[in-house]
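Hello,

Here is the structure I promised to pass on to you.

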Amino acid sequence: MKSSWFALILAVLSTELLTSHCSTVKSPRFRGRVQQERKNIRPNIILVLTDDQDVELGSLQVMNKTRRIMENGGASFINAFVTTPMCCPSRSSMLTGKYVHNHNIYTNNENCSSPSWQATHEPRTFAVYLNNTGYRTAFFGKYLNEYNGSYIPPGWREWVGLVKNSRFYNYTISRNGNKEKHGFDYAKDYFTDLITNESINYFRMSKRIYPHRPIMMVISHAAPHGPEDSAPQFSELYPNASQHITPSYNYAPNMDKHWIMQYTGPMLPIHMEFTNILQRKRLQTLMSVDDSMERLYQMLAEMGELENTYIIYTADHGYHIGQFGLVKGKSMPYDFDIRVPFFIRGPSVEPGSVFRTNKKTKIWRDTFLVERGKFLRKKEEPNKNTQQSNQLPKYERVKELCQQARYQTACEQPGQKWQCTEDASGKLRIHKCKVSSDILAIRKRTRSIHSRGYNGKDKDCNCGDTDYRNSRTQRKNQRQFLRNPNAQKYKPRFVHTRQTRSLSVEFEGEIYDINLEEEELQVLKTKSITKRHNAENKEEAEETDGAPGDAMIADGSDAIGQPDSVRVTHKCFILPNDTIHCERELYQSARAWKDHKAYIDKEIEALQDKIKNLREVRGHLKRRKPDECDCSKQSYYNKEKGVKTQEKLKSHLHPFKEAAQEVDGKLQLFKENRRRKKERKGKKRQKKGDECSLPGLTCFTHDNNHWQTAPFWNLGSFCACTSSNNNTYWCLRTVNDTHNFLFCEFATGFLEYFDMNTDPYQLTNTVHTVERGILNQLHIQLMELRSCQGYKQCNPRPKGLETGNKDGGSYDPHRGQLWDGWEG
């Protein structure tokens, strides 16, 4: 498994990359490949990394030179995975050997190449350690998505790093700290050829000057990442590329999977044509990587360094093109996004060997964590068992406050609102100053006069006598009157503008029509209730309306005679007893039922849109409220604009609540900043005319100007969404001789389980077939990996192997309990 790069590189340093237990290392006859005079020289290490290269979609099928060099000449790792299917997080895990939750690079934007990354994790990459042991380290190509080229990351002696994300033309590189711009000339600027030439020249120069110093070199290609610009000589290859059409291609919608998979429907014809051209262009860009591998191989052979060099070929993650209806992208936990190519060739590695699954459980881990998503902000929940910020009990805080001079006088200071008193038991108490209502009214009227009369910008706000406030006794009497249960309350259940004209009800198995047009105010008058038959016998029913047995007398006391029945639609009513009744044809005709249900759904959708628009207008009005004096509110006004001042409001708060108000104020400020940022993004999208961006979704627009090299796109623009903000998950991926499954828990609470032994393309979520006890064990194991820190926690072993065991490796602490129910 490719989940701890640092451990892998350290193993390479001792020339025992794979121990004698690994099936790729054979007899000592391969050790003789190292020349006798170079026995004491440590091996060189060359890591070749591609961007977004898949395994499931057949990208390796066209790379014949690479397969001959790496697959036939080295070891192939069939089950190689990354721990996150995103560029920057995955590359950060490769550099540090840490899971995402330990290096905190969750997306390609947030915290990618940030100051915290540079200060905490970048000084601890494998380049730093290898450089400290004497390796001459060099980096060529794409580093991290948000790398700005302003510095050289620690540990690298030679640095040619791409600024920002992958490009083939018109890019900027940082050459040992100096930025260098490149244009659109293939001979000088094509990125794949440039870093290949730079790496070969550096290797030759370094070996010429320091022949006995080992080299560790990273060649990080942009291919096959977008914009998928191929070299001119490859622009006509693979016109009928179809390797990407797998059983999961356009398999949509998937209602048994998480939200974005349910939202994504089948692709349109333009989307399917785009996937065909995209696959073709990706394969064309890999042709330059294939030539680069051949040139690198020939250089090592010419210099005599081939047998003393480990070459590692892999990718940062996989890719999908049309799988499950997703037009393109990554970020999913499925094999097409997390499985990557992985080859090693070098000393003591048997050519043509294949490493599939663990023959013994002590070699490589068979279960690892896959995680992806934005950083989850933890909501601070109040803990009743903990004290407040000052960590003092209440009586101590009261004692401190009462030592202040402003609380010691008996409400004599101007503007004093609180005072300290001592009760009968000798305890200090804080009470609000009590002032007569007349004095308060005079003070308030005086403040109102000053705020209006002595302002140069008078707004002619005349409140009249509204400054008068009822006394406490009057307000108490009002509250008692409002709480009186005998007071008549008018709470109409529905509001409608027209009286119901007729009503259809069911009585003793028959349907009756009630005429209500002439009974608006005469509820005590008897009503003529006519029994309604089917449409064929309508005229007969009218003739026999007055026949005995077919007529019923309903006085005003009956429920069916009340005129407050509500007509919801033209065929359905809500009766006073909260029951719903519709016309008979809706219960008898499937077509009528379907048409009426569709009509109701359409009405609901229209009302929801109207409610949404009304809420937006209401929010707009709240934000654009004019500065007017509101005489109905008990507030204080300053002399300038007539708005509430924070200092005077603060004086009305209890001293203990002032700190809480400051926290709430910061929270409100944070929410306001987020709202403004969201509004700015929306205005920016509107200004650009970007109608593709949808809230909560990751979408892209493709048009005729996107690709600048052949083959071109000339079918016009389209929009497609590839992921969502709630696509945050944590998964267990297990591969061994008996089990091959994926278990995922999403941030939304959704669960997924796929058994790849029976469903290799993960078409059906079978979590409902897994026993609850097994799910609990999987959840426990997943939670342990989600919170693991350090090698021992993230690579669990049995207690007997923690000390004194040379084999190392991994251990599943739940294996005995977890798999017993799965046997057979």
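Predicted model: local features only at pLDDT ≥ 70, side-chain atom pairs only at ≥ 80, totals over all residues.

Strand S1 (residues 44-50) and strand S8 (residues 309-315) run parallel and are joined by seven bridges. Residues are numbered from 1 along each chain as its sequence is written, and side-chain values use heavy atoms, with hydrogens and water left out.

Strands here are DSSP runs (E, at least two residues), as are helices (H or I, at least four), numbered from the N terminus. Two strands pair if DSSP finds at least two bridges between them.

S1 and S8 belong to an open sheet of 10 strands with mixed pairing, in the order S6-S5-S4-S3-S7-S1-S8-S9-S2-S10. Strand S6 (178-181) and strand S10 (353-355) are the edge strands, each pairing on one side only. From one strand to the next, the twist averages 15° (axes are lines fitted to C-alpha atoms, for helices over the stretch in contact, and angles run from 0 to 180 degrees between N-to-C directions).

S8 also has four bridges to S9, and these two strands run antiparallel. There, tyrosine 313 stands opposite phenylalanine 343.

Is S8 buried or exposed? Seven of its seven residues are buried, so S8 is largely enclosed by the rest of the structure (buried means under 20% relative accessible area, exposed over 50%, partly exposed in between, with a 1.4 Å probe and protein chains only). In a regular strand, side chains alternate between the two faces of the sheet. For S8, Thr309, Ile311, Tyr313 and Ala315 are buried on one side, and Tyr310, Ile312 and Thr314 on the other.

Helix H2 (residues 64-71) lies across strand S2 (75-77), S8 and strand S9 (342-345), at about 55° to S9; contact means heavy atoms within 4.5 Å.

Another open sheet has three strands in the order S18-S19-S20, with antiparallel pairing. Strand S18 (566-567) and strand S20 (580-582) stand at the edges with a single partner strand each, so one side of each has no neighbour in the sheet. Strand S19 (residues 572-574) pairs with S20 over three bridges, and isoleucine 574 has isoleucine 580 as its bridge partner in S20.

**One more residue**

Tryptophan 259 is found in helix H9 (residues 259-263). With 39% relative accessibility, tryptophan 259 counts as partly exposed.

Best wishes
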